[in-house]
Amino acid sequence: MTEERSSQNRSGGRRRFYTRPKFCQFCSDKEQVINYKNIELLKRYITDEGKIRPRRQTGACAKHQREVTRAIKRARHVALLPFTGKYWEEGGQL
């Protein structure tokens with residue numbers, strides 16, 4: 001029985017999560033502009049359910065995260081992005 005337990009991780013089979021330092025891609029690349037029409041860029045900041053990803057996941061600074069959020073909301077209002085993610089699952093154009 002001790003051999004079976006030794007084959008598992010000591011943390012009960014869970015993997016350890018190591019955070020890596022994240023950097024704001026907009027601060028490092030001054031040429032990149034946040035625009036509501038740039039859907040390919042904005043899709044990286046949205047989950048599969050259509051929610052906006054938080055700063056701790058995206059690595060964006062507070063200033064640029066606010067701009068991204070504003071651009072996503074504008075794109076949703078103009079119907080460039082869906083409000084929910086169910087349209088992506090059905091094979092939509094996005």
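What share of the 94 residues of the protein counts as buried? The answer is 26%. Keep in mind as you click around that this is a predicted model.

**Stop 1: the whole chain.** Switch to cartoon view and colour by secondary structure. You'll find six helices and zero strands. Walking along from the N terminus, the elements read α-α-α-α-α-α.

**Stop 2: the core.** Now select Phe26, Ile34, Leu42, Tyr45, Val68, Ile72 and Leu81, and show their side chains. These are the residues with the most contacts inside the largest nonpolar core, which has 14 residues. Next, highlight helix 3 (39-43) and helix 5: each of them supplies at least two residues of this core. Helix 5 is the top contributor here, giving four residues.

**Stop 3: the positive patch.** Select Lys30, Arg55, Lys63, Arg66, Arg70 and Arg74, which together form a positive surface patch. Which helix gives the most to this patch? Helix 5 again, spanning residues 62-77, with four residues. So that helix leads on both counts: it gives the most to the core and the most to the positive patch.

**Stop 4: one arginine.** Zoom in on arginine 66, a member of the patch that sits in helix 5. Is arginine 66 buried, partly exposed or exposed? Its relative accessible area is 49%, so arginine 66 counts as partly exposed, because the exposed class starts over 50%.

Conventions
Residues numbered from 1 in each chain as written. Predicted model: local features only at pLDDT ≥ 70, side-chain atom pairs only at ≥ 80, totals over all residues. Heavy atoms only, no water. Patch = residues over 30% accessible without salt bridge, like charges linked within 9 Å, V, L, I, M, F, W, Y side chains within 5 Å. Areas by Shrake-Rupley, 256 points an atom, 1.4 Å probe, with all protein chains shown as cover. Salt bridge = Lys/Arg side-chain N within 4 Å of Asp/Glu carboxyl O. Lys, Arg positive; Asp, Glu negative; His and termini not counted. Charge placed at Lys NZ, Arg CZ, Asp CG, Glu CD. Buried < 20%, exposed > 50% of the residue type's maximum accessible area, 1.4 Å probe, protein only. Core = buried A, V, L, I, M, F, W, Y, C linked by side-chain atoms within 4.5 Å.
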